[in-house]
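Subject: Structure handover

Hello,

Here is the structure I promised to pass on. Please load it before you read my notes.

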Protein chains: 2
Amino acid sequence: MSATAIPVAVEPTRDEHLVAAVESAGGRVVDLAEARVLVWIGAVDDFPDLHDRIVWVALKTAGIEEYVSAGVIDDRRVWTNASGFYAENVAEHALGLLLAGLRQINTAVLRHWDKQPIDTAVRSLHGSTVAIIGAGGIAASLIPRLTACGARAIAVNRSGRPVEGAALTVPSARTDEVWAQTDHVVLAAPATAETRHLINASSLSALPSHAWIVNVARGPLVDQAALLDALRNGEIAGAALDVTDPEPPADDDPMWSLPNVIITPHVANPASGLTRAMAPWMAENLRRYQAGEELLAVVRPGRDY
Amino acid sequence: MSATAIPVAVEPTRDEHLVAAVESAGGRVVDLAEARVLVWIGAVDDFPDLHDRIVWVALKTAGIEEYVSAGVIDDRRVWTNASGFYAENVAEHALGLLLAGLRQINTAVLRHWDKQPIDTAVRSLHGSTVAIIGAGGIAASLIPRLTACGARAIAVNRSGRPVEGAALTVPSARTDEVWAQTDHVVLAAPATAETRHLINASSLSALPSHAWIVNVARGPLVDQAALLDALRNGEIAGAALDVTDPEPPADDDPMWSLPNVIITPHVANPASGLTRAMAPWMAENLRRYQAGEELLAVVRPGRDY
């Protein structure tokens, strides 16, 4: 801890894991009044007023739409979220959901040793094509996993610039061309006006009947009424959702009783053990800051993610 | 189809996919009496008497213990099983079971949006160590999948010769040293006298309490009474079983009601679509035979797998 160590506030509580991470990266933990960097691990409603010497705010969330709505994000300093850190965890959950659906693990849990129908319904990820809608950090983590499983990835991003490891990258303006070319879909895009109801009656009817849809992004990307129809009519094979709309679904939501739906309670990125797991990532970003290198997960002003 | 095309019998029925595969590899499909190669896709009880001009029998099963017990396998010709073909599928199922357990997908299916306990129980495969007991073809397919998921593999095989991609290879005589070094276990070993009850009270108590055990091999590798105790007492976190002992479990088997057990009905390698999926693999083996190259999945006499 030298005299030039960068002063960092860890608020609203000095979490031991993040304090250790800051110190390991050469930072000095101080009160907000003295800080140049704020690591904020509290709720959006409790976000403090910032003085102008704060040059960087590090948020612990992946989606920052609540901070945007609350008018917290300004353009007078750098803001980072934690999307990079979460990516590995979310990619893993997406793969788990997809495999659980394809291998009929949900059915097996509910219908004990109902061998014949389960055997007939099992599908292999190996040899299939998976489209990832919103190819950012989650896709960067998911693509190598899919490739190792013998699957081919189609990436959809804004620019259409080729994504590493993807067999094909498609710009989001041409997303509709993807449905008929893929076996399965993973939604990993932020919730924006453009991505709202990206999965709708039209995209559902264009997908093959053996398709599974995995949503690890945000519920409103899916028109859930249209999804319900498609699942009931066999237009697609199944849906594995870590996020829903509304969230959580009502107790009497018909999705709960469909045999080809898996719903996990928004745990792709579990809250438990969060700061411990996130600490090395925060240390890396602080190291980058001090070295003048590009920060991970900088929030771009005017885009709400 | 030349005069020198190798005569192959596909019995007991001339399955269209395998017939096409034989012909695509330069073989000629004939009756058993004329054949030099027999592709057997029937049951062990119906296995025909073989004449001495049959030089190679290709079985469609992975485990051949039934053929050994029935005295069918002789040393007068080459026998192959289909373990290589099955490996990718079984490795995929093993990964799906492990992820389903770690990500609490089974719990989420049964307990709708029970968020707090599920969030707390979710674990990451990323950063963990997985021991694969019986490191043959399934492990060769599973290790790259685990590595891409950010996990480290310990391979256990007979010889202890380093297995490609494994962080550590341990000879099976020293399997007991593995339990305390690993987070999770995948059983992929054949059913033999040596592997019977490899998972027992002693190995279960040596494993960490967060361990998941995945069995995609054969039920008798696990002492199921000891497993039941360990699952009830929290000695391990869970078990995901595609095979059981007895198989299937009785309707009133207490395993069915444990929250930390996933049982799939022996579908890691589904019977449906089998010959279609297996055909390219059979064609490759026939090509190898004609080229004088080493065959895939040759059964070694005196070892019942």
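Predicted model: local features only at pLDDT ≥ 70, side-chain atom pairs only at ≥ 80, totals over all residues.

Chain A has an open sheet of 7 strands. The order is β8-β7-β6-β9-β10-β11-β12, and the pairing is parallel. β8 (168-171) and β12 (261-263) of chain A are the edge strands, each pairing on one side only. On average, neighbouring strands are turned by 15 degrees against each other, direction ignored.

- α6 (residues 137-148) touches β6, β7 and β9, and its direction makes about 175 degrees with that of β6(A).
- α8 (residues 224-232) touches β10, β11 and β12, and its direction makes about 140 degrees with that of β11(A).

**The interface**

Chain A and chain B each give 46 residues to the contact. The buried area is about 4000 Å², with 68% from carbon and sulfur atoms. A:E92, A:R103 and A:W113 supply 20% of the area that chain A buries against chain B.

The rule finds 2 salt bridges across this interface. B:R103 and A:E92 meet in a salt bridge, at 3.1 Å from N to O. There are also 22 residue pairs in polar contact between the chains.

On the chain A side, α3(A) gives the largest share, 9 residues. That side divides into 25 nonpolar, 12 polar and 9 charged residues.

Best wishes

Terms used: Residues numbered from 1 in each chain as written. Chains lettered and ligands numbered in written order. Heavy atoms only, no water. Pairing = 2+ DSSP bridges. Helix = DSSP H or I, 4+ residues; strand = E, 2+ residues; numbered from the N terminus. Axes fitted to C-alpha atoms, helices over the stretch in contact; angles between N-to-C directions. Contact = heavy atoms within 4.5 Å. Buried area = accessible area lost by both parts, 1.4 Å probe. Salt bridge = Lys/Arg side-chain N within 4 Å of Asp/Glu carboxyl O. Polar contact = N/O pair within 3.5 Å; in protein donor to acceptor, adjacent residues only side chain to side chain. Nonpolar A, V, L, I, M, F, W, Y, C, P; charged D, E, K, R; others polar.
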